[in-house]
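Here are some notes for a colleague who has not looked at this structure before.

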Amino acid sequence: MTRPSWDEHFLRRAELNSEMATCERLKVGAVVVKDKKVIGDGFNGSPKGLPHCTDVGCLKNEEGRCIRTLHAEYNAILQSDRHLLMGATIYCTHEPCENCTKNIVQAGIARVVFRNAYPNKYNSFFNEGIQWEHKPYSEE
């Protein structure tokens, strides 16, 4: 077996994090990395002390998005040391939504790498200044 690239390694870690997600609609995982060191992990799940989708079902808005959960990207940012976020990379199982994209930009994260495309017509308004990379499954 060939050793995976660093991008592939961290995408796999994001996928492992997604196994902890508590939203039934979509299981998403994320990991924030700086200088090849993990500084934050996240998965989508309800805020502290509130019921999870796996317990009471998803709370969907008019667009069909579950609004009960915090997204994996945001949870990973919250788990990170603020001073380490500037210039970091976030690896995600799915392309971030526009709200997560705004949080990523605000945190100073410089690069977004995601496995599954999840096109969003609003991301282009917010992600112009950062690297945005789709890395689907490969033969690695």
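1. The UniProt annotation "domain: CMP/dCMP-type deaminase", taken from an unreviewed entry, covers residues 5-133. The model shown is predicted.

2. Helix 3 (residues 72-79) packs against helix 4 at an angle of about 25°, and the axes of the two are 9 Å apart. Helix 3 is therefore roughly parallel to helix 4, since angles under 35 degrees count as such. The crossing of helix 3 and helix 4 is left-handed.

3. Which residues make this contact? Helix 3 contributes Glu73, Tyr74 and Ile77. From helix 4 come Cys100, Asn103, Ile104 and Ala107. By class, the residues of the contact of helix 3 with helix 4 are five nonpolar, one polar and one charged.

4. Alanine 110 sits in the loop between helix 4 (98-107) and strand 4 (111-116). Its relative accessible area is 30%, so alanine 110 is partly exposed; that class lies between the limits of under 20% for buried and over 50% for exposed.

5. What does alanine 110 touch, leaving aside its neighbours within four places in sequence? Alanine 110 is then in contact with Gly87, Ala88, Ile130 and Gln131. As for glutamine 79, it is 31 residues from alanine 110 in sequence, and their C-alpha atoms are 17 Å apart in space.

Key. Residues are numbered from 1 along each chain as its sequence is written. This is a predicted model: local features need pLDDT of at least 70, side-chain atom pairs count only at pLDDT 80 or more; totals for chains, interfaces and linings use all residues. Side-chain values use heavy atoms; hydrogens and water are left out. UniProt positions are given in the numbering used here, feature names are shortened, and annotations may be inferred rather than shown by experiment. Helices (H or I, at least four residues) and strands (E, at least two) are DSSP runs, numbered from the N terminus. Buried means under 20% relative accessible area, exposed over 50%, partly exposed in between (1.4 Å probe, protein chains only). Contact means heavy atoms within 4.5 Å. Axes are lines fitted to C-alpha atoms, for helices over the stretch in contact, and angles run from 0 to 180 degrees between N-to-C directions. Angles under 35 degrees count as roughly parallel, over 145 as roughly antiparallel, 65 to 115 as roughly perpendicular and the rest as oblique. A crossing is left-handed if the near helix is turned anticlockwise from the far one by less than a right angle, and right-handed if clockwise. Ala, Val, Leu, Ile, Met, Phe, Trp, Tyr, Cys and Pro count as nonpolar, Asp, Glu, Lys and Arg as charged, and the others, Gly among them, as polar.
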